[in-house]
Number of protein chains: 12
Amino acid sequence: MTYGQGRTYKKVEVIGVSSGGIEAAIQQAVTKAQQSLQKLSWFEVQEVRGHIGDDGKVNEYQVVIKVAFELK
Amino acid sequence: MTYGQGRTYKKVEVIGVSSGGIEAAIQQAVTKAQQSLQKLSWFEVQEVRGHIGDDGKVNEYQVVIKVAFELK
Amino acid sequence: MTYGQGRTYKKVEVIGVSSGGIEAAIQQAVTKAQQSLQKLSWFEVQEVRGHIGDDGKVNEYQVVIKVAFELK
Amino acid sequence: MTYGQGRTYKKVEVIGVSSGGIEAAIQQAVTKAQQSLQKLSWFEVQEVRGHIGDDGKVNEYQVVIKVAFELK
Amino acid sequence: MTYGQGRTYKKVEVIGVSSGGIEAAIQQAVTKAQQSLQKLSWFEVQEVRGHIGDDGKVNEYQVVIKVAFELK
Amino acid sequence: MTYGQGRTYKKVEVIGVSSGGIEAAIQQAVTKAQQSLQKLSWFEVQEVRGHIGDDGKVNEYQVVIKVAFELK
Amino acid sequence: MTYGQGRTYKKVEVIGVSSGGIEAAIQQAVTKAQQSLQKLSWFEVQEVRGHIGDDGKVNEYQVVIKVAFELK
Amino acid sequence: MTYGQGRTYKKVEVIGVSSGGIEAAIQQAVTKAQQSLQKLSWFEVQEVRGHIGDDGKVNEYQVVIKVAFELK
Amino acid sequence: MTYGQGRTYKKVEVIGVSSGGIEAAIQQAVTKAQQSLQKLSWFEVQEVRGHIGDDGKVNEYQVVIKVAFELK
Amino acid sequence: MTYGQGRTYKKVEVIGVSSGGIEAAIQQAVTKAQQSLQKLSWFEVQEVRGHIGDDGKVNEYQVVIKVAFELK
Amino acid sequence: MTYGQGRTYKKVEVIGVSSGGIEAAIQQAVTKAQQSLQKLSWFEVQEVRGHIGDDGKVNEYQVVIKVAFELK
Amino acid sequence: MTYGQGRTYKKVEVIGVSSGGIEAAIQQAVTKAQQSLQKLSWFEVQEVRGHIGDDGKVNEYQVVIKVAFELK
């Protein structure tokens with residue numbers, strides 16, 4: 001990539017869900033998105049949420065991210 | 001669905017337009033999005049707008065929503 | 001188009017990059033998006049950013065826009 | 001109206017109050033604004049609020065909108 | 001109530017869920033909140049969301065509101 | 001005023017400037033707006049800014065407010 | 001209090017109303033909230049509004065604050 | 001103008017439309033607003049949008065601005 | 001729970017503080033809130049802050065969350 | 001200063017703390033910032049917070065402002 | 001630069017003023033900031049404002065940007 | 001520190017980058033900022049972003065924070 005050259009990127013919004021923490025939820029979303037989209041370049045966290053089990057433990061993190069990739 | 005299991009969702013932004021009110025505009029967007037996307041799970045309203053006719057009546061509601069569905 | 005008729009639009013988020021200024025970056029994004037998406041109707045600017053070269057000159061503008069098109 | 005021609009619009013903020021629901025409150029504001037302003041083109045909802053009566057019923061909706069019209 | 005007199009209000013955030021539309025969801029939240037809280041004065045809508053059934057129909061509206069009441 | 005009756009309000013944005021503090025700047029804006037507009041009902045503060053003199057003293061407060069009045 | 005020790009705080013939203021200015025309205029809310037809640041630690045201003053009398057004078061300030069206290 | 005003297009400004013929201021770029025759309029709105037309002041002092045950009053023609057070219061920029069002027 | 005049935009939830013804002021990271025601070029808040037409130041369903045992160053010790057190490061994370069539970 | 005001439009300003013964020021009210025906290029921040037920075041031109045309030053003593057009195061106001069000065 | 005390596009950047013807020021348009025105002029701010037700060041990497045536009053002359057012409061653009069540079 | 005005493009703090013915006021997760025990126029920024037600034041008191045997270053490698057793994061977290069310190 002050379003700065004100054006015309007390029008176009010697209011951002012899509014995905015939500016990763018994981019019991020393993022915030023970073024794990026981000027990676028979950030990125031891995032899945034990579035399967036159906038083009039090669040991803042970066043992500044931006046939009047929201048962090050989660051579910052609480054009957055025992056009062058956070059049993060999953062739900063992280064809404066935007067992922068971006070170049071439109072070749 | 002079991003909480004705690006890794007899952008991924010995608011959100012897309014659609015705008016439903018209807019003369020029948022805000023709920024009708026939401027349903028318009030959901031029905032159309034369901035045709036080309038996967039089975040939808042939920043929606044979030046982003047903006048409510050509308051057009052005003054020459055007679056000063058609101059003749060359509062334009063509701064911007066995000067709809068979400070699971071990436072299997 | 002007749003106001004009051006049921007219609008649905010979709011918005012997608014794209015980023016145009018150009019050394020030629022903000023308007024050129026918007027056109028870059030629109031032109032590219034038009035290739036893979038349906039006929040576009042309008043855009044909304046979300047963010048304006050850019051890169052600065054070693055010589056202290058802005059060498060590219062990166063403009064994040066949403067583009068909208070009708071789902072027929 | 002032809003796209004690309006120089007035009008100017010003005011937006012003013014009005015609040016419609018009605019016991020008949022959100023759409024009725026919007027129409028209330030539009031009808032009143034049409035009397036003193038020029039012919040209105042569109043509206044954008046800013047806030048939805050309301051009053052609760054002693055019996056625990058919502059007895060009016062207060063909808064803040066912006067209405068737009070062309071400055072000829 | 002006389003304007004200018006010292007008074008204090010409290011706002012709490014509740015979510016009403018109803019299949020009957022946005023106004024019905026607001027009333028659901030207000031009615032329930034009225035049971036455990038003091039007499040309510042007004043509400044402010046924060047978010048409008050909903051669930052989509054397998055048949056592509058919105059089967060419930062979830063409306064997040066703040067309700068306010070005077071602390072006597 | 002009776003709750004539930006159809007009514008319409010208008011909000012306009014004014015900026016009061018005063019050396020006498022934030023409340024004085026609000027009153028400055030309200031007094032002036034009252035001269036050219038109809039009887040005002042309430043205000044909402046949007047922004048608080050000010051100018052700093054050469055001696056490092058705040059020499060005026062600039063308070064942006066919206067004022068609302070009923071459209072009879 | 002020692003930094004690094006597990007602690008939990010709660011925030012509640014209250015509105016103080018006073019004819020005596022913004023600081024007086026904040027103190028009004030804090031004093032009242034202290035009566036029914038636990039010992040308060042800090043506040044954060046959310047909104048400043050007010051009512052305007054028939055004579056064009058601001059006759060009360062309505063300040064929405066969040067107050068926080070430790071959950072022991 | 002002397003800092004510290006009581007003054008009042010008003011802000012109104014206008015939208016300039018031009019095929020000539022963002023600055024041209026701002027000037028379009030300012031020129032038109034100047035005709036019906038008092039002498040304008042400054043503007044603040046709120047939103048930048050535009051329309052896309054059938055040929056995939058941006059054929060007009062729509063820039064929402066607030067313009068401010070002193071209430072003498 | 002069956003979608004479409006009338007239900008009401010309440011959200012309260014709590015702050016968890018922990019030296020063990022962001023997830024630990026969230027769990028701290030959830031565990032404490034569960035003691036005095038009803039069974040919690042989900043949380044939403046509002047703010048992430050923290051304190052820095054004299055040695056330049058982050059010695060606690062302060063995470064502001066909203067927790068939600070059903071009003072039965 | 002002549003409008004239209006190239007100029008550059010810098011904004012820095014400071015927090016003034018004072019027991020004397022909001023205006024006193026702003027002046028506290030401005031006075032201190034003036035000592036280490038260049039001559040200041042204006043300020044913009046970002047947040048108003050404060051601490052509450054054991055007696056339920058607001059014992060200090062903490063006002064976050066941005067101050068701006070010209071880079072000569 | 002290699003992704004994954006620990007790095008730190010700083011952002012500062014500057015305002016460029018120019019009669020030559022939005023891009024010229026951005027370059028004005030970047031050029032000036034480059035003189036007193038380290039080598040800049042990128043910018044993000046925060047606000048676009050401007051002044052209007054007696055003749056109703058925009059006579060300068062004031063663009064608030066954040067510029068970022070690496071802390072080596 | 002005694003509450004109620006005049007004090008002033010400054011906030012600066014830094015970005016920590018680390019492959020080790022969000023907390024590691026925060027500590028990276030704090031450690032570096034501590035070298036050139038005065039003793040830091042607290043931080044506030046503004047944004048969480050990151051880069052995605054060719055293998056679809058998040059290879060670095062980029063966390064934008066504000067750090068605050070007292071101006072003595």
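## Where chains A and B meet

Strand β1 (residues 7-18) of chain A is joined to β1(B) by 5 bridges, and the two run antiparallel. Strands here are DSSP runs (E, at least two residues), numbered from the N terminus, and two strands pair if DSSP finds at least two bridges between them. In this pairing, Ile15(A) stands opposite Tyr9(B). This is a predicted model, in which local features need pLDDT of at least 70 and side-chain atom pairs count only at pLDDT 80 or more, while totals for chains, interfaces and linings use all residues. Residues are numbered from 1 along each chain as its sequence is written, chains are lettered from A in the order in which they are written, and side-chain values use heavy atoms, leaving out hydrogens and water.

**Contact and buried area**

- On chain B, 14 residues are in contact with 15 residues of chain A (heavy atoms within 4.5 Å).
- Together the chains bury about 1,300 Å², with 52% of it on carbon and sulfur atoms; this is the accessible area (1.4 Å probe) lost on being put together, summed over both.
- Tyr3(B), Thr8(B) and Lys11(B) supply 38% of the area that chain B buries against chain A, more than any other three residues.

- Glu47(A) forms a salt bridge with Lys11(B), with the closest N and O atoms 3.6 Å apart.
- Strand β1 (residues 7-18) of chain B gives the largest share of the side that touches chain A, 5 residues.

How values were computed:
Buried area = accessible area lost by both parts, 1.4 Å probe. Salt bridge = Lys/Arg side-chain N within 4 Å of Asp/Glu carboxyl O. Helix = DSSP H or I, 4+ residues; strand = E, 2+ residues; numbered from the N terminus.
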